[in-house]
Amino acid sequence: MRNIYIYIMVMALVTYLIRVLPLTLIRGEIKSKWIRSFLYYVPFATLSAMTFPAILKTEGLYFVSSMAGLISALFLAYCKKSLLKVAAGACLAAFVVQLVLLYWK
Amino acid sequence: MQSVQEYKEGIKHGIPIFTGYLAVSFAFGIAASEKGLNVIQAVFMSLTNVTSAGQFASLDSIKNQVSLFELAFLQFIINIRYLLMSTALTQKLGKEVGILHRCLIAYGVTDEIFALSVLRHGKLKPSYSYGLITISVSGWILGTFLGASAGKILPAIVISCLGLAIYGMFIAIIIPPAKESRAVLGTVLGAMGMSFFMTYAPIVSRLSSGFRIIIITVVVSMIAATVAPRLEGDEK
């Protein structure tokens with residue numbers, strides 16, 4: 001059996017290199033307006049793709065429960081609530097709906 | 001003194017990341033102990049990797065004793081989105097920020113820390129990043145420890161619901177700017193639509209989630225940059 005710590009160190013090294021190379025190699029300001037625009041949109045595209053549809057496929061929850069979590073989060077975020085409140089609201093809504101559904105079955 | 005202030009602000013802004021990470025890494029700790037890692041190994045992995053998707057995906061590889069190359073390649077694919085994020089961050093840092101600071105900031109490039117850093121007003125100060133990293137990584141490690149050592153005492157339904165925290169946080173980050181700017185709204189909707197398609201459509205649904213995310217990010221951001229280029233001074 002190969003040592004688990006060696007696996008962990010290899011993973012850590014690969015992940016760190018991905019993070020550190022751009023930060024240390026790109027020192028100046030990127031002049032191209034297009035690239036600057038591209039980089040501006042990156043976080044929005046990434047976070048959207050990570051959230052949807054993954055949020056509806058949360059392990060151990062009914063589709064309806066995770067849907068309740070999603071809708072609550074969208075509503076609270078639309079009202080500009082803080083990160084913490086939006087996150088807590090999503091968890092709570094899913095929890096309540098899941099309990100009700102479990103009770104019914 | 002200004003850097004102490006920045007550090008404290010980083011800590012304060014990072015509290016939702018702390019709670020979100022606590023929930024997600026709690027789930028990771030449980031999964032890790034089920035796949036045969038002990039508490040120290042699980043915590044060591046969280047401390048050295050700080051990446052949710054990569055760590056979750058590695059558990060099966062380690063259990064199946066795959067080759068180190070296969071594990072490295074898997075991590076590369078899942079985490080290559082950090083390459084884009086780190087590149088975006090270079091534009092938020094002043095030229096005067098030295099290599100040591102850059103190496104330390106790189107340790108904490110995660111989706112959530114990146115999102116808060118890149119959307120911060122003005123230039124990004126290293127001490128602000130250190131505040132974010134301190135609080136976030138604490139949550140990540142603490143959750144891993146609790147999940148790996150005592151995860152089974154919590155009912156499964158609570159753990160599942162806590163898993164939504166991280167998505168709630170993402171939504172809280174993307175929705176307010178999408179209200180203000182139609183270009184951002186288009187980016188959000190475009191990325192969601194494409195992600196939905198790629199999750200369920202034949203053939204492309206076989207791609208790993210990390211690979212799917214990077215394709216979507218590149219395609220949608222390219223379209224957005226072409227259709228709605230940002231004017232100088234737009235950046236906040």
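Biologist: Is A:Lys80 buried or exposed?

Modeller: A residue is buried if 20 or more other C-beta atoms, placed from the backbone, lie within 10 Å of its own, exposed if 12 or fewer, and partly exposed in between. A:Lys80 has 12 other C-beta atoms within 10 Å, so A:Lys80 is exposed. This is a predicted model, in which local features need pLDDT of at least 70, side-chain atom pairs count only at pLDDT 80 or more, and totals for chains, interfaces and linings use all residues. Residues are numbered from 1 along each chain as its sequence is written, while chains are lettered from A and ligands numbered from 1 in the order in which they are written.

Biologist: What is the phi of A:Lys80?

Modeller: Most residues other than glycine have a negative phi, and most peptide bonds are trans. A:Lys80, not a glycine, has a positive phi of about 60°. A:Lys80 lies in the loop between helix 3 and helix 4 (83–104) of chain A; helices are DSSP runs (H or I, at least four residues), numbered from the N terminus.

Biologist: Which residue follows helix 3 of chain B?

Modeller: That residue is B:Val50, with a positive phi near 45°. B:Val50 has 25 C-beta neighbours inside 10 Å and therefore counts as buried.

Biologist: Where is a cis peptide bond found?

Modeller: A cis peptide bond joins A:Phe52 and A:Pro53, with omega about 5°. A:Pro53 belongs to the loop between helix 2 (33–51) and helix 3 (63–78) of chain A.

Technical notes:
Helix = DSSP H or I, 4+ residues; strand = E, 2+ residues; numbered from the N terminus.
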